Amino acid sequence: MGCGVTKQNQKQIKKASFSVPAMRAALLIQRWYRQYVARLEMRRRCTWNIFQSMEYAGEQNQIKLYKFFSYLMDHFTPASSERNLIAHIFRENEVCRDAEWERYFNYKNIEVPEFYSGPHLNFPLTATNATELVEAFRTKQQLHSRYVLQLLVETWKLLRILPNINHVSTCHSKEITICGDLHGHLEDLLLVFYKNGLPSMETPYVFNGDFVDRGKNSMEILLILFAFLLVYPNDVHLNRGNHEDHIVNLRYGFTKEVLGKYRVHGKKILKLLQKIYSWLPLASVIDQKVLILHGGISDTTDLDIIAKVDRHRYVSTLRPPKQRKSSAKNKQSDQDSWDEDNMTRRRVRSMTYSSPGVSRPEVQRHSLQTLSSQVEEELRERRRRAGFSLSHGDLHNSLSSDSDSDPGENLETDAEDWKQVVDMLWSDPMPIDGCVPNEVRGGGCYWGPDITREVLEKHNLQLLIRSHECKQEGYEFCHNRKVLTIFSASNYYEVGSNRGAYIRLGPDLVPHLIQYQASRSTRDLTLRQSVGRTERSALRALREQLFAHKSDLISAFQEFDPEQTGLISLNHWATAMESVLQLGLPWRMLRSQLVNHTQDGKLNYQSWFKELAIMEPNTQLAHTNLLETLYKHHSNLETIFRIIDTDNSGLISFEEFRQTWRLLSSHLQIDISDEAISDLAQSIDFNKDGSIDINEFMEAFRLVDRTQQERSNSTLSGVHPHLLQSEHPTKTLLVSASPHFV
């Protein structure tokens with residue numbers, strides 16, 4: 001008896017004494033790991049913000065440029081050179097009226113050569129044909145232009161009889177698969193088919209727009225989807241996205257892709273695709289409960305109105321409608337009514353309205369509705385047709401009367417219809433209540449949870465599925481899980497930047513999400529390696545933007561340096577960066593990645609530009625002081641280049657180049673003499689043939705990465721100098737070894 005410690009207690013005490021340090025160590029490791037993961041997540045989010053901000057800034061610039069073109073069309077006389085230069089992009093269907101349609105797109109006279117080894121198609125298509133087409137594209141084969149045109153014509157015929165809103169039903173034996181943006185990523189589509197099965201009566205699909213642009217296989221994706229649509233018209237459903245627009249395609253790569261793969265018949269293919277875009281359905285509804293559309297909704301969204309919209313009128317949804325002008329009196333009355341409506345509307349849309357009091361030089365910010373109300377009397381209109389209500393029996397008769405453009409009638413497109421379509425294709429959700437213009441993209445709106453609730457309750461719906469935004473995990477719920485964003489293009493910004501995903505929806509209407517990563521190399525990377533790789537790519541793209549805005553940044557820095565010491569604080573540096581670039585980035589968090597050296601907390605901004613990236617322009621060109629401006633707007637310049645290259649030859653004359661610059665300088669409100677433009681054109685003409693091709697054009701705005709150039713020079717010493725000149729620090733231009741089938 002006693003209070004002594006037993007041997008068993010001694011063992012427990014000894015064990016406990018050893019476990020205390022071990023527990024402390026485990027907690028320290030756990031804390032360190034959590035901090036490590038948190039830092040990686042912070043870096044990943046910063047990287048994501050860089051990519052997304054630059055993407056949306058590009059879309060905004062595209063819309064501003066198109067507004068400028070609309071201004072020229074609406075306010076310049078028909079004989080003006082500026083108007084004539086871009087007028088053809090607003091006459092999408094002038095060659096497609098009546099009997100000329102079949103004659104213009106005639107594919108029967110195109111011969112398929114004996115040496116052609118690609119897939120052959122027989123019409124009407126069978127499931128075997130569609131499957132063989134998938135396999136051919138998987139092995140990098142190309143479909144002959146005869147089959148391409150025939151497939152597109154048959155697709156156009158089918159789309160004309162489809163309604164604006166497809167109504168889809170589930171049953172107890174099957175699920176419906178919903179895919180988001182693919183953006184030319186063929187490997188993602190093939191992976192979805194591998195995991196989920198090819199489209200069939202047992203495996204129906206809804207593809208939610210943005211099939212094209214950015215990726216390199218947009219044409220292949222369209223042909224696959226159209227083939228399965230023809231084979232299974234009741235089980236494959238295609239919604240239009242904001243990139244199914246020929247104006248958007250000029251900037252984001254699809255136009256270039258088609259002309260590169262089909263040099264002889266590329267122009268006809270693009271013209272036919274304009275028609276197809278305008279006939280794609282706008283939405284799908286599953287079991288009367290789930291609404292699927294590309295972008296989103298607004299406080300004025302009405303599915304009853306959308307169901308009746310003449311969707312084929314909007315060959316480009318960026319083009320505002322024109323109002324009827326029966327008389328001067330009615331014209332003034334209509335304008336007064338429209339102004340009153342503007343004052344009472346709950347919100348405005350960024351692509352439709354702008355702030356009042358804008359002076360004429362700021363043409364890119366004009367309200368497109370205001371501009372459209374002032375269109376000249378001589379502008380013709382296109383007649384109304386509700387083609388979506390046609391039956392199969394009426395289709396043949398309607399083909400010969402497809403007159404999208406009729407010079408004898410006035411355009412009667414309803415502005416409200418247009419706004420409904422724009423909001424469906426361009427809008428994004430936001431976490432707070434309300435509905436405001438989407439100033440970030442430049443089109444559509446931001447809508448909140450209250451708008452979601454109102455629209456769903458109004459139409460007795462329970463879920464809205466949309467796409468339009470890249471998400472890191474491939475999907476994202478918001479608005480109390482009433483809105484689901486689905487994005488199917490993995491590695492969208494960079495390899496490892498995001499996953500892709502698709503939805504399987506059964507009769508219970510509960511979405512089941514499947515994620516994937518198309519790149520095998522990404523699956524082998526650790527989290528740190530994946531974040532680091534994506535971060536380097538984002539910072540490289542950001543540094544290019546910094547160089548392109550060098551003069552503006554220096555001016556902004558100098559405002560914080562009145563004594564001209566060449567030094568500013570890091571806080572002032574961050575403020576100036578955002579004021580110039582307006583990307584909405586966390587500059588204070590990014591300064592450790594962008595600023596290497598400081599002096600007592602101060603930044604020498606002149607030295608910083610030299611250290612920053614190693615990038616500098618091609619100094620062989622004349623007027624090097626203009627290169628910064630030219631590089632800053634190189635996407636706009638390439639867009640204008642492709643617009644004025646009406647024959648799609650890839651060449652423009654010096655005079656056309658001067659006209660290109662006049663358009664850009666008018667848009668940007670910068671002055672430059674004709675002599676300077678001529679000197680610049682001659683300096684860009686590297687091979688001195690008197691014209692400028694697309695390679696020479698883009699070479700004028702190349703930034704050279706010194707370290708990459710040194711590395712390339714050591715490994716590519718045997719390559720022709722012109723090919724070395726075409727190298728871009730972030731992407732490779734041109735060069736395709738595959739054959740081109742007219």
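View A. Strand E7 and strand E9 (residues 445–447) run parallel and are joined over 2 bridges, where strands count as paired if DSSP finds at least two bridges between them. Strands here are DSSP runs of at least two residues (E) and helices are runs of at least four (H or I), numbered from the N terminus. The open sheet contains 3 strands in the order E7-E9-E8, with mixed pairing; its edge strands, E7 (428–429) and E8 (435–437), each pair on one side only. Residues are numbered from 1 along each chain as its sequence is written. Because the model is predicted, local features need pLDDT of at least 70 and side-chain atom pairs count only at pLDDT 80 or more, whereas totals for chains, interfaces and linings use all residues, and side-chain values use heavy atoms, with hydrogens and water left out.

View B. Strand E11 (residues 475–478) runs antiparallel to strand E12 (residues 483–486), and 4 bridges join them; Tyr475 has Ile486 in E12 as its bridge partner. The hairpin has 4 residues between its strands, and His479 in the turn has a positive phi of about 55 degrees. The charged end of Arg481 sits over the ring of Phe477, 3.8 Å from its centre, a contact that requires CZ of Arg or NZ of Lys to be within 6 Å of the ring centre and within 35 degrees of the ring normal.

**View C. The edge-to-face pair of Trp48 and Tyr493.** Rings of Phe, Tyr and Trp (its six-membered ring) pair if their centres lie within 6.5 Å, with planes under 30 degrees apart counted as stacked, over 60 as edge-to-face and the rest as tilted; by this rule there are 18 aromatic pairs. The ring centres of Trp48 and Tyr493 are 5.2 Å apart with planes at 80 degrees, so this pair is edge-to-face. Since Trp48 lies in helix H1 (residues 7–75) and Tyr493 in the loop between E12 and strand E13 (500–505), the pair ties together parts that are 445 residues apart in sequence. Trp48 is buried at 10% relative accessibility, and Tyr493 is buried at 16%, where buried means under 20% relative accessible area, exposed over 50% and partly exposed in between (1.4 Å probe, protein chains only).

**View D. The covered helix H15.** Of the 12 residues in H15, 11 are buried, among them Trp418, Lys419 and Trp426.
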